[in-house]
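Here's a quick tour for anyone opening this one up for the first time. Have the viewer ready and follow along.

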Amino acid sequence: MSITYSFFAGVFLLVSFITSSIAQTSMSQCVPSSCGEIRDIKFPFRLRTDPEHCGKHEYELDCQNNQTFYTYKSRKFYVQEINYTSYMIRLLDPGLKDQNENCSVFPDYRANYGGITSEIFQLIHINNSINYVNCRTPINSSQYIPTTFCRTNTTSPNANFSYLVLKEIWQASDLENGCKVETVAWSSAPGIFTNKSPSLASTHQALAYGFEVSWKYGLLCRECEASDGSCYLEDNSDVVTCIHYCKEDIPVSERSFGCKIEYYSGKSLTYIHGQFFFLHNHVIKFH
């Protein structure tokens with residue numbers, strides 16, 4: 001019995017080693033691509049024209065007329081920058097690429113961008129909202145930058161005063177009386193939101209800068225979450241902790257993996273190979 005077990009275990013390890021070697025060889029054959037100013041397109045990104053085994057298809061980019069694009073559910077964004085050290089990609093709404101000195105252009109997409117910031121990327125905290133606001137009366141505030149909207153088909157026909165507002169607006173009470181938000185854009189431009197007296201020109205530059213999102217969590221935590229685990233990333237590092245919580249409806253005898261039980265009243269313990277081990281004392285909820 002032990003000989004048979006050892007034989008199959010050896011075969012399994014050999015197959016695993018060969019599979020891993022093939023995968024590593026294939027990945028090593030992936031040469032970074034380039035498109036226009038984006039010179040180093042590599043894992044997890046790929047160009048549509050790259051070999052199938054290179055990069056991940058959910059991070060696929062297009063190259064058109066020397067411009068790099070990322071498309072999510074028919075929404076197309078310019079790629080302004082990719083930073084592999086910080087797991088950051090900077091995207092730009094196509095409607096904001098060409099700014100007008102005399103009026104403020106509208107983004108093609110209102111800044112919630114659907115699942116792009118939950119399914120694929122995560123927002124970076126330095127992103128801030130630039131709100132396109134129409135008001136019935138003039139507003140005297142440094143956060144309200146007077147402008148004229150290039151687009152005239154607004155939803156506020158009686159509004160005579162237009163502004164770009166540099167603040168988070170979550171509800172009507174966050175606005176001055178008689179004002180309404182037409183649309184919202186994101187920007188990660190450094191310094192624009194700490195400037196106490198921003199100009200229209202600097203705000204237009206911030207709009208053209210684009211916004212930053214991260215692929216760190218989605219990439220590093222995918223395998224953990226696919227196995228019903230809870231994934232935690234340590235700040236400013238690539239260290240991933242994957243915890244599987246024991247579920248009440250799964251008998252202990254059927255738990256083939258290490259899982260964690262936590263009680264309100266006391267100790268956290270881990271179930272590994274038929275035994276429970278105390279980890280540390282703290283008060284947390286049961287999972």
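The S-S torsion of Cys-224 and Cys-242 comes out at about 90 degrees, so this disulfide is right-handed. Keep in mind that this is a predicted model.

**The Cys-224 to Cys-242 link**
- The two sulfur atoms of Cys-224 and Cys-242 sit 2.1 Å apart.
- This pair ties together distant parts of the chain: Cys-224 belongs to helix α4 (residues 222–226), Cys-242 to strand β15 (residues 240–243), and they are 18 residues apart.
- Buried or partly exposed? Cys-224 is buried, at 6% relative accessible area, while Cys-242 is partly exposed, at 33%.

**The Cys-103 to Cys-150 link**
- Here the sulfur atoms of Cys-103 and Cys-150 are 1.9 Å apart.
- With a torsion of about 100 degrees about the S-S bond, the disulfide of Cys-103 and Cys-150 is right-handed.
- Both ends are in loops: Cys-103 lies between β7 (88–92) and β8 (122–123), and Cys-150 lies between β10 and β11, 47 residues apart.
- Cys-103 has a relative accessible area of 12%, so it counts as buried, the cut-off being under 20%.
- Cys-150, at 30%, counts as partly exposed.

**The Cys-135 to Cys-179 link**
- Cys-135 and Cys-179 are joined with an S to S distance of 2.0 Å.
- Their S-S torsion is about 110 degrees, so this disulfide is right-handed.
- It connects two strands, with Cys-135 in β9 and Cys-179 in β12, 44 residues apart.
- Cys-135 and Cys-179 are both buried.

**The sheet around β9 and β12**
- Four strands make up an open sheet, ordered β10-β11-β9-β12, with antiparallel pairing.
- At the edges you'll find β10 (144–147) and β12 (179–187), each pairing on one side only.
- On average, neighbouring strands of this sheet are turned by 25 degrees against each other, ignoring direction.
- How many bridges join β9 to β12? There are eight between strand β9 (residues 128–135) and its antiparallel partner β12.
- Look at Asn-128 for an example: its bridge partner in β12 is Ser-187.

**The helix across the sheet**
- Helix α2 (residues 200–209) lies across β9, β10, β11 (161–165) and β12.
- Relative to β10, helix α2 runs at about 95 degrees.

Note on methods: Residues numbered from 1 in each chain as written. Predicted model: local features only at pLDDT ≥ 70, side-chain atom pairs only at ≥ 80, totals over all residues. Heavy atoms only, no water. Pairing = 2+ DSSP bridges. Axes fitted to C-alpha atoms, helices over the stretch in contact; angles between N-to-C directions. Contact = heavy atoms within 4.5 Å. Disulfide = S-S within 2.5 Å. Buried < 20%, exposed > 50% of the residue type's maximum accessible area, 1.4 Å probe, protein only.
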